[in-house]
Amino acid sequence: MGALCKKCRERAQIKLPRHNASFCQKHFKEYFFKQVEKAIKKEKMISPGERVLIAVSGGKDSLVLWDVLRELGYRADGLYVNLGIGDYSDRSEETCIRFASSRSANLYTISLPAFTGGAGIREISRKVRRKACAACGMIKRYLFNRFSWEMGYGVAATGHNLDDEAATLLGNLIGWKEDYLSRQAPVMPSNHPRMVRKVKPLFRVTEKETAACAVMSGIGYIYEECPLARGARSTVYKNTLNYLEQHSPGAKQQLFYNFLQKGRPGFLQKREDVQLQSCSRCGQPTATETCAVCQMLEKIGAPPLSLSEGGAVKQKAGEALAP
Ligand code: Q46
Ligand code: ZN
Ligand code: ZN
């Protein structure tokens, strides 16, 4: 006989060895929602009534996060950045638009090539001689923060799950990157007037659980990986942690939760706070005179970025967008 749901003793749909539990569909979703709510409440991520903007990519994590936050009653809108990575970007944008329409949710889309004279991540990274993911990460973080701030959102959320956080932690530990270790947390408070608080409400749930939640909630998401992600080291760390988890259920959460409780405070104490200033070109927070994204744009011959010009920002689906 198959496993039974821990709550109702009906046939279980999913086994969670790390919790020594199995659940039917209804009780798995109940568990999942509770974990997200617990993360938000315990870490004081979102205040009651606060508007939250979610960075959506078309993948399962960000769409599940958006769906769950809306179901939990949060005022959550989405932002999709088309990075100009060929058909992959177009397919993921369509996926986000379809999801937003199905839920009557507010989605903004930004087109990076519209700001750069047609250059996408591949071309930009070649011109600025940086790895694609390094340039891309910087640009995404920049646009997400700047757009959230300009549109008056107090908090911005990403779909990082427990697997993502544990893999990042493992990488940072192997390289003993003290500065990154001091900054890795489910909540990053604002430390500049133009910096929006960043939160990761899925940090208590795994990738497998998020995928199950997506299927059970009928969320159509894009399965294919970004073509520029090939060979990413984070995949090796994730596979390593999955091997550990198989042999020792709960290893991933132990590693990450123990770090947050017992390791991070030590790194925080040692950290020398860098006073952030405003970029001389765009006004966004930066440790140098001109921010890294303005420097990149300058190198590729693109003008300073203005979100209100050029029709690069569009709004799709949903109700009226009153701030
Ligand atoms: S989108 Fe950008 Fe990712 Fe593609 S180029 Fe790398 S960082 S892999 S999440
Ligand atoms: Zn049940
Ligand atoms: Zn700048």
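A cavity here is a set of points, on a 1 Å grid over the protein atoms alone, where a 1.4 Å probe fits but cannot get out. Grid points are joined across faces, edges and corners, and a volume is the space filled by probe spheres set on the points. Rolling a probe the size of a water molecule over the atoms shows where empty space is left.

The largest cavity has a volume of about 60 Å³. Its lining, meaning residues with an atom within 4 Å of a point, consists of L112, T116, I124, I139, Y142, L143, V293, M296, L297, I300 and L305. Helices α6 (132–150) and α12 (292–299) each contribute at least two residues to the lining of the largest cavity. Helices (H or I, at least four residues) and strands (E, at least two) are DSSP runs, numbered from the N terminus. By class, the lining of the largest cavity has 10 nonpolar residues, one polar and no charged. Ala, Val, Leu, Ile, Met, Phe, Trp, Tyr, Cys and Pro count as nonpolar, Asp, Glu, Lys and Arg as charged, and the others, Gly among them, as polar.

## Second largest pocket

A pocket is an open set of points with protein on both sides within 12 Å along at least five of seven lines. The second largest pocket holds about 290 Å³ of space. It is lined by 13 residues, of which P17, K208, N242, E245 and K252 are the closest to its centre.

Three elements, β1 (14–16), α9 (207–216) and α10 (233–247), each supply at least two residues of this pocket's lining. Helix α10 gives the most, with three residues. Seven of the lining residues of the second largest pocket are charged, three are polar and three are nonpolar.

## Numbering and thresholds

Residues are numbered from 1 along each chain as its sequence is written, while chains are lettered from A and ligands numbered from 1 in the order in which they are written. In this predicted model, local features need pLDDT of at least 70, side-chain atom pairs count only at pLDDT 80 or more, and totals for chains, interfaces and linings use all residues; side-chain values use heavy atoms, with hydrogens and water left out.

## Ligand 1

Around ligand 1 stand C133, C136, K140, C226, L228 and A229, a residue being near a molecule if one of its heavy atoms lies within 4 Å of it. This shell has five nonpolar residues, no polar and one charged.

Donors are N, O and S atoms within 2.8 Å of the metal (3.2 Å for Na, K and Ca); water is not among the atoms, so sites may look incomplete. Four donors count as tetrahedral if all angles lie between 85 and 135 degrees. Ideal angles at a metal are 109.5 degrees for four tetrahedral donors.

C5 lies in the segment before β1 and H27 in helix α1 (residues 25–42), so the pair ties together parts 22 residues apart in sequence. C5 is buried at 0% relative accessibility, and H27 is buried at 12%. Buried means under 20% relative accessible area, exposed over 50%, and partly exposed in between (1.4 Å probe, protein chains only).

## Zinc ion, ligand 3

C279 (SG), C282 (SG), C291 (SG) and C294 (SG) coordinate the zinc ion (ligand 3) at 2.2 to 2.4 Å. The site is tetrahedral, with angles of 105 to 115° among its four donor atoms. The donor residues of ligand 3 are spaced C-x2-C-x8-C-x2-C in sequence. C279 is buried, with 5% relative accessibility, and C282 is buried, with a relative accessible area of 13%.

## Backbone and a residue pair

Most residues other than glycine have a negative phi. R9, which is not a glycine, has a positive phi of about 65°. R9 lies in the segment before β1 and is exposed, with a relative accessible area of 53%. N20 also has a positive phi, near 50°. N20 sits in the loop between β1 and β2 (21–23) and is exposed at 71% relative accessibility.

D67 is in helix α2 (residues 60–71) and is buried, with a relative accessible area of 6%. D67 and A100 are 33 residues apart in sequence, and their C-alpha atoms are 9.5 Å apart in space.

Note on methods: Tetrahedral: all angles 85-135°; square planar, octahedral: opposite > 155°, others 65-115°.
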